[in-house]
Amino acid sequence: MTHETPTLVYGGDYNPDQWPRETWDEDIRLMRQAHVNRVTVGVFSWSSIEPREGEYDVEWLDIIMDKLADAGIGVVLATPTASPPPWFTLAHPEALPVRADGVRLVHGSRDTYNPAAPAYREAALRVADMLAKRYAHHPALRMWHVHNEYGTVSYGPVTDEAFRGWLRERYGTLDALNAAWWTAFWSQGYGAWEEILAPQATQYLPNPGQVLDFKRFSADVLRDALREQVAVVRAANPAIPVTTNFMLPTWHHYDEWDLAAEIDEVSIDHYPSARDVEGEVHTAFGADLARSFNGGRPWTLMEQATSTVYDYAAGRIYAKAPGVLERQTLQYVARGSTGSLFFQWRNGRGGAELFHSPMVPHTGPDSRVFREIVDLGATLARLGELAEPPADGGPVNRNRVAFVWDSTAWWSAETRAMPTTDLSFLDAVRATHRALWWEGIGADAVRLGDDLSRYDVVLVPSKLAVSDTEAAALTRFVEAGGTAVTWYFAGSTDEHLRVRPGSFSGAFADLLGIRVEELFPLAPDETVALDDGTVGDCWSQTVHLRGAEALVRFRGGHLDGVPAVTRHAVGDGVAYHVGTRLDPAALRRLLADVVAAAGVERHHPQAGDGLEVVRRHAGDRTYLVVVNHDDAPRELTLTGHDLLGGRDLDGPVTVPPGGHLVVREVAR
Ligand code: GLA
């Protein structure tokens with residue numbers, strides 16, 4: 001172990017500027033009672049910090065930083081730039097966000113700015129610089145939290161100009177741009193850069209190449225905004241790590257890999273709202289992404305909810321049942337989180353999110369939620385040794401299976417030119433991850449450009465646009481002995497969304513040993529029978545074998561006997577293709593077979609079917625985090641020290657429904 005005792009972080013967003021000062025001492029007393037050691041201050045406090053343009057009021061922040069330092073509570077200090085104050089709207093109307101339909105938005109919520117607008121960027125940098133200089137050496141400061149959940153997209157004149165600049169850099173000439181966007185179609189040929197606009201609302205279908213590039217541009221704008229602020233806070237004290245919190249969303253406006261490259265540590269906000277075990281499956285997914293974005297190293301869970309979460313789509317809030325909080329928190333810790341922070345410490349009596357659950361609820365500390373918070377703080381305090389980074393510099397979880405997470409893939413599926421609207425990238429990736437979770441197999445997210453040699457199996461659930469370089473990377477991986485699985489439509493186009501001629505297996509045609517001649521997307525209620533007795537939906541296609549073998553074939557109808565799942569031996573490896581959307585059980589069976597054939601082992605041989613067992617590496621030790629999500633007691637064999645139960649284990653252990661253990665394994 002290192003000389004400093006490792007500790008897991010515990011706490012949440014703390015907004016003292018919303019409360020009278022009498023509350024502050026009570027807050028700190030309750031924080032200590034709950035084992036809180038880290039709070040995130042100032043996330044949306046711009047109007048408290050800079051009530052008028054250029055005039056700062058930081059007395060309250062000075063006082064609270066000192067109080068927290070005295071209490072031994074570390075601070076993650078945020079730059080408040082996600083929420084410009086009302087004065088900003090009046091002073092800089094050109095910097096307000098414009099929707100695709102041309103409507104300009106004004107303050108009244110949060111995130112009301114165009115991230116490409118110079119006036120916004122300057123105002124944001126100014127306040128960040130002031131905070132950096134004032135607090136960079138404050139004894140409470142542990143980390144910078146730049147902005148909050150980047151994700152704003154804006155159209156309008158300011159954006160048009162910035163978009164043109166970005167396109168000039170990318171393409172150099174108008175000829176190259178016209179070719180990439182195939183602008184001869186529908187008379188879209190551009191003769192001057194000034195003619196190009198961001199793809200605002202237009203008469204009918206927009207140009208998919210233009211839409212895809214606009215999404216890339218918008219993501220780069222957010223990355224640049226982050227980069228500027230990171231430079232400012234780093235300049236003030238390079239020893240303080242910098243993060244920005246990713247919202248793992250149902251929308252997607254930036255590239256997590258690119259943003260991760262700008263910061264020292266990835267953090268995520270995560271709000272699974274499913275009420276059954278699907279909530280736990282989602283928890284595992286978010287944590288696996290966070291760890292992967294952070295290069296396998298420990299990462300910060302910046303926000304989760306203690307209980308009620310807004311589900312805006314459903315128009316209601318959902319509360320977590322007793323015990324869920326601890327169970328889900330251990331899932332994050334198992335997958336490398338440095339602990340758990342929450343949104344938020346105490347919830348405001350008013351404001352837009354007044355019913356979102358905090359650590360200290362409206363009803364006060366005499367509440368089920370606060371009691372669980374105190375207990376969870378005590379639990380994490382006993383698991384401090386897991387916080388140590390692995391001594392060998394390797395990842396916290398050692399997975400041999402990877403799935404491709406790729407922004408271009410997400411964005412391509414969102415352009416309106418697709419053969420079916422049923423091609424959601426997130427749904428496809430989640431279905432794959434879910435199947436692995438039920439099978440008890442750990443997985444990392446990767447890009448095709450990453451070093452794939454660390455993996456035995458690489459899954460490509462949904463990736464329409466594939467560049468030659470990416471196709472070559474996957475081919476090299478298979479030739480060297482890897483196993484790849486691609487799904488329908490993957491590689492059909494190049495990176496500009498231009499269809500690859502000859503076969504809809506396009507970029508992967510040789511690797512897969514198939515020619516996909518024709519696409520038959522299915523209607524929402526349509527299924528297609530398969531000769532293993534299952535059915536597919538969403539997609540079917542005509543496939544000709546060109547070296548591959550058919551594992552499953554379509555049965556009946558005009559595709560009777562056509563290969564649906566294929567396998568192709570290439571070099572020392574194998575490439576599979578799946579030509580329809582398998583039902584969850586069939587997908588799970590297929591992946592179990594693929595993974596077993598590739599020799600991949602579970603973190604524990606008895607994991608799966610809702611018994612989650614994840615091995616975390618820390619120092620020169622390993623830990624098994626065991627959570628039973630099943631309704632029935634589950635038995636597994638464990639050898640080591642049960643950190644929460646304080647006992648040695650060597651043999652079968654029964655874990656009750658909802659039960660969990662953290663076991664320090666003995667050296668093997
Ligand atoms: C996000 C934000 C928080 C809060 C929570 C809860 O993740 O970062 O400020 O709005 O969601 O809705």
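Visitor: What should I know about the model and the numbering?

Guide: This is a predicted model, so local features need pLDDT of at least 70 and side-chain atom pairs count only at pLDDT 80 or more, while totals for chains, interfaces and linings use all residues. Residues are numbered from 1 along each chain as its sequence is written, and side-chain values use heavy atoms, with hydrogens and water left out.

Visitor: OK, which residues surround the ligand?

Guide: Phe-44, Arg-110, Asn-148, Glu-149, Met-247, Asp-269, Tyr-271, Glu-303, Phe-343, Glu-353 and His-356. A residue is near if one of its heavy atoms lies within 4 Å of the molecule. By class that shell has four nonpolar, two polar and five charged residues. Here Ala, Val, Leu, Ile, Met, Phe, Trp, Tyr, Cys and Pro count as nonpolar, Asp, Glu, Lys and Arg as charged, and the others, Gly among them, as polar.

Visitor: How far is a ligand oxygen from the side chain of Glu-353?

Guide: An N or O atom of the Glu-353 side chain sits 2.6 Å from a ligand oxygen. For Arg-110 the distance from a side-chain N or O atom to a ligand oxygen is 2.9 Å, and a polar side-chain atom of Asn-148 is 2.9 Å from a ligand oxygen. The cut-off for a polar contact is a pair of N or O atoms within 3.5 Å.

Visitor: And how much of the ligand's accessible area does the protein cover?

Guide: The protein covers 94% of the 300 Å² that the ligand has on its own, by the Shrake-Rupley method with a 1.4 Å probe.

Visitor: Switching to sheets. What's the strand order in the parallel one?

Guide: That open sheet of six strands runs S5-S4-S3-S2-S1-S11. Strands are DSSP runs of E with at least two residues, helices are H or I runs of at least four, and both are numbered from the N terminus; two strands pair if DSSP finds at least two bridges between them. S5 (242–243) and S11 (339–342) are at the edges with a single partner strand each, so one side of each has no neighbour in the sheet. S4 (141–145) pairs with S5 over two bridges, and Trp-144 has Val-242 as its bridge partner in S5.

Visitor: Which strands does helix H3 touch?

Guide: H3 (59–70) touches S1 (9–14), S2 (38–41) and S3 (74–78), with its direction at about 150 degrees to that of S3. Contact means heavy atoms within 4.5 Å, and axes are lines fitted to C-alpha atoms, with angles from 0 to 180 degrees between N-to-C directions.

Visitor: What about the mixed sheet?

Guide: Seven strands form that open sheet, in the order S13-S12-S14-S15-S22-S21-S20. The twist averages 20 degrees from one strand to the next. S21 (563–570) and S22 (573–578) are antiparallel over six bridges, with His-568 opposite Ala-575 in S22.

Visitor: Where's the cis peptide bond?

Guide: Between Phe-343 and Gln-344, with omega about 10 degrees. Gln-344 is in the loop between S11 and helix H12 (368–381). His-147 has a positive phi, near 60 degrees. Most residues other than glycine have a negative phi, and most peptide bonds are trans.

Terms used:
A polar contact is a pair of N or O atoms within 3.5 Å; within protein, one must be able to donate a hydrogen and the other to accept it, and residues adjacent in sequence count only if both atoms are side-chain atoms.
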